[in-house]
Amino acid sequence: MYWAKRKVNIKNPAEIEIMREAGRINATVHAAVREMLKPGVTTADLNTIAEEVLKKHDAISPFKNYPGPYPFPASITVCINEELVHGIPSNKRKLKEGDIVSIDCGTFFGGFVADSAFSAGVGKLSKEAQKLVDVTEGALMAGIEKMRPGNKTGDVSAAIQKHVESRGFYLTREYTGHGVGRKMHEAPQVPNYGTAGHGLLLRPGVTIALEPMVLVGTAQTKVLADQWTVISADRSLTAHHEHTIAVTEGKPLILTVL
Ligand code: MG
Ligand code: MG
């Protein structure tokens, strides 16, 4: 990935304040979409509500037309059950009771990007599905906890890996967390596995989107014929949580909350 080799862009406090605003808008999109997670709603309906919220805040999604096999056609990605990332919203796909739905959204506002994702159930989840969602969210929080000056990105990666693998689940090696700022993907690359004490030294002004992508049965993934949607190779359940976080002098600052 070309962006992973570039230099890390340190943000000043004024820039972080703009990213915080982008993050608030992103969280507002998430809240509106979460409200819609009911049986019979289509994944295209979720994209429509997301676009309405973005427009209301004079923001756009960096996902729309993102370069790939062909430009990404929507403002959010929607993934159901075995779909891990990059699912394309469709008016033919309806949510069902018990589905795990993973929503990823970016907000481009004031020249900066905020990026976050969550997984949640449609109605009540099975015990295993709920555990998967909880472990994925827990892994994100375990990673965020390590985002302090003096730590390295390897400390963050190792904390995520330990949280997930000690609970019997798997992490993809093919997709990673990343720096974020004026562009959605900046250096450094932050994998969901790694060795404590290695990697980039964290310092105030580093902004990273951490995003554990967790699978029940395998670390292997494959891409569907639509050339975007990534699924678990064994079609086992998956979940994905993401926040954009700024390293500060003190506690890590989560930018993508209300
Ligand atoms: Mg994302
Ligand atoms: Mg991301």
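Q: Which residues is His163 in contact with, leaving aside its neighbours within four places in sequence?
A: Val135, Gly138, Ala139 and Ala142, where contact means heavy atoms within 4.5 Å.

Q: Before we go on, what sort of model is this?
A: This is a predicted model, where local features need pLDDT of at least 70 and side-chain atom pairs count only at pLDDT 80 or more, while totals for chains, interfaces and linings use all residues. Residues are numbered from 1 along each chain as its sequence is written, chains are lettered from A and ligands numbered from 1 in the order in which they are written, and side-chain values use heavy atoms, with hydrogens and water left out.

Q: OK. Where is His163 found, then?
A: In helix 4, residues 153-165. Helices (H or I, at least four residues) and strands (E, at least two) are DSSP runs here, numbered from the N terminus.

Q: Does His163 count as buried or exposed?
A: Buried, because its relative accessibility is 18%. The cut-offs are under 20% relative accessible area for buried and over 50% for exposed, with partly exposed in between (1.4 Å probe, protein chains only).

Q: Switching to metals: which residues are the protein donors of the magnesium ion (ligand 2)?
A: Asp115 (OD), His178 (NE2), Glu211 (OE) and Glu242 (OE), at 2.1 to 2.2 Å from the ion. Donors are N, O and S atoms within 2.8 Å of the metal (3.2 Å for Na, K and Ca), and water is not among the atoms, so sites may look incomplete.

Q: What spacing do those donors follow along the chain?
A: D-x62-H-x32-E-x30-E. His178 sits in strand 6 (residues 177-179) and Glu211 in the loop between strand 8 (207-210) and strand 9 (213-215), so this pair ties together parts that are 33 residues apart in sequence. Both His178 and Glu211 are buried.

Q: And how far apart are the magnesium ion (ligand 2) and the magnesium ion (ligand 1)?
A: 3.1 Å, and Asp115 coordinates both. Asp115 also turns up in strand 4, as the bridge partner of Gly106.

Q: How many bridges join strand 3 to strand 4?
A: Ten, with the two strands running antiparallel; strands count as paired if DSSP finds at least two bridges between them. Strand 3 and strand 4 make a hairpin with two residues between them, and Gly110 in the turn has a positive phi of about 60°.

Q: What about the pairing of strand 3 with strand 1?
A: Strand 1 (residues 76-80) pairs with strand 3 in the antiparallel sense, over five bridges. Cys79 has Ser102 as its bridge partner in strand 3. Strand 3 itself (residues 100-109) is mostly covered, with eight of its ten residues buried.

Q: How many cavities of 30 Å³ or more does a search of the whole structure find?
A: One. About 40 Å³ of space lies in the largest cavity. On a 1 Å grid over the protein atoms alone, a cavity is a set of points where a 1.4 Å probe fits but cannot get out, and lining residues have an atom within 4 Å of a point. Grid points are joined across faces, edges and corners, and the volume is the space filled by probe spheres set on the points.

Q: Which residues line the largest cavity?
A: Among them are Thr77, Cys79, Ser102, Asp104 and His240. Strand 3 gives the most to that lining, with three residues.

Q: New topic: which residues touch the most other members of the largest nonpolar core?
A: Met147 and Leu210, out of 28 residues. A nonpolar core is a set of buried Ala, Val, Leu, Ile, Met, Phe, Trp, Tyr and Cys residues joined through side-chain atoms within 4.5 Å. Helix 3 (127-145), helix 4, strand 7 (186-190) and strand 8 each supply at least two residues of this core, and helix 3 gives the most, with seven.

Q: Last one, strand 13. Which way do its residues point?
A: His243 and Ile245 point one way from strand 13 (residues 243-246), Thr244 and Ala246 the other way, and all are buried. Ala246 has a relative accessible area of 0%. In strand 13, Ala246 is the bridge partner of Thr207, and strand 8 pairs with strand 13 in the antiparallel sense over four bridges.

Notes:
1 Å grid on protein atoms, 1.4 Å probe; cavity = no way out; pocket = protein on both sides within 12 Å on 5 of 7 lines; lining within 4 Å.
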